[in-house]
Amino acid sequence: MSFAQLTVRDFLAQTAAKQPTPGGGAIAGVCGALAAALGQMVVSYSLGKKNLAQHQPLLEDAAKRLERARAMLLELADEDAIAYGLVNELSKLPENEARRTKELPAAQEASVRVPMAVGATGVDVLRLLRELCGKTNAYLRSDLAIAAVLAEATTRSAHWN
């Protein structure tokens, strides 16, 4: 089941459980999706505002880009759990087991590529949020800042993975 289909309560329970996934990589992806979603909320409250008319093209583009980033980061959270789950499973096999020898290198490579994609997407979100500074609803400045903090945490977390 995709993490996107879980309740927040169930996702947190799965994260807290003594099991390999979801782990740090999935958390990084979900954190990035939260950053994008919060950025989208700020943009939604900014679209159509008369005092922000000169920024409407940027805001419309940002809404689309943040939507794509949110979907991508949620998908990457799932991919990370799958990739790491396979590494974990294969690592438990005896070292001379044919399946382990054959599949583990590719599984390890995939488990590195996914966090790299999460980190790159987090950087893209962070850059976009920075570009939006001063061009969105002023009452939501703290929300935009929090979205940026989450995007930075996403990138830093992905780096650790």
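**Salt bridges and pocket**

Reply: Start with one pair in this predicted model. Arg113 and Glu109 form a salt bridge, with the closest N and O atoms 3.9 Å apart.

Me: Which helix holds Arg113 and Glu109, and how many residues apart are they?

Reply: The two residues are about one turn of the helix apart. Arg113 is partly exposed at 47% relative accessibility, and Glu109 is partly exposed at 48%. Both lie in helix α4, and their spacing is 4 residues.

Me: Is Arg156 buried or exposed?

Reply: Arg156 forms a salt bridge with Glu152, the closest N and O atoms being 3.0 Å apart. Both lie in helix α5 (residues 141-160). Glu152 is partly exposed at 35%. The cut-off for exposed is over 50%. Arg156 has a relative accessible area of 54%, so the residue is exposed.

Me: Which parts does the pair Glu89 and Arg99 tie together?

Reply: The closest N and O atoms of this salt bridge are 2.7 Å apart. Glu89 is partly exposed at 39% relative accessibility, and Arg99 is partly exposed at 32%. The partners are 10 residues apart in sequence, so the pair ties together parts in helix α3 and helix α4 (residues 98-132).

Me: How many salt bridges does the structure hold?

Reply: The pairs Arg113 with Glu109, Arg156 with Glu152 and Glu89 with Arg99 are among them. The structure's total is 6.

Me: What is the nearest side chain of opposite charge to Asp80, and how far away is it?

Reply: Asp80 is in helix α3. Asp80 is buried yet has no salt bridge. Beyond four places in sequence, Asp80 touches Gly25, Ala26, Val114 and Pro115. The nearest side chain of opposite charge is Arg113, at 11 Å.

Me: What separates the C-alpha atoms of Glu79 and Ala26?

Reply: Glu79 lies in helix α3 (residues 56-91). Glu79 is partly exposed, with a relative accessible area of 33%. Glu79 and Ala26 are 53 residues apart along the chain, and their C-alpha atoms are separated by 8.1 Å.

Me: Which element gives the most residues to the lining of the largest pocket?

Reply: The largest pocket has a volume of about 340 Å³. Of its 15 lining residues, the closest to the centre are Val8, Phe11, Val30, Leu34 and Leu74. Elements giving two or more residues are α1 (8-16), α2 (24-46) and α3. With 5 residues, the top contributor is α2.

Me: How do the lining residues of the largest pocket divide?

Reply: Sort them into nonpolar, polar and charged. The division is 12 nonpolar, 2 polar and 1 charged.

Methods
Residues numbered from 1 in each chain as written. Predicted model: local features only at pLDDT ≥ 70, side-chain atom pairs only at ≥ 80, totals over all residues. Heavy atoms only, no water. Buried < 20%, exposed > 50% of the residue type's maximum accessible area, 1.4 Å probe, protein only. 1 Å grid on protein atoms, 1.4 Å probe; cavity = no way out; pocket = protein on both sides within 12 Å on 5 of 7 lines; lining within 4 Å. Points joined across faces, edges and corners; volume = space filled by probe spheres on them. Nonpolar A, V, L, I, M, F, W, Y, C, P; charged D, E, K, R; others polar. Lys, Arg positive; Asp, Glu negative; His and termini not counted. Salt bridge = Lys/Arg side-chain N within 4 Å of Asp/Glu carboxyl O. Contact = heavy atoms within 4.5 Å.
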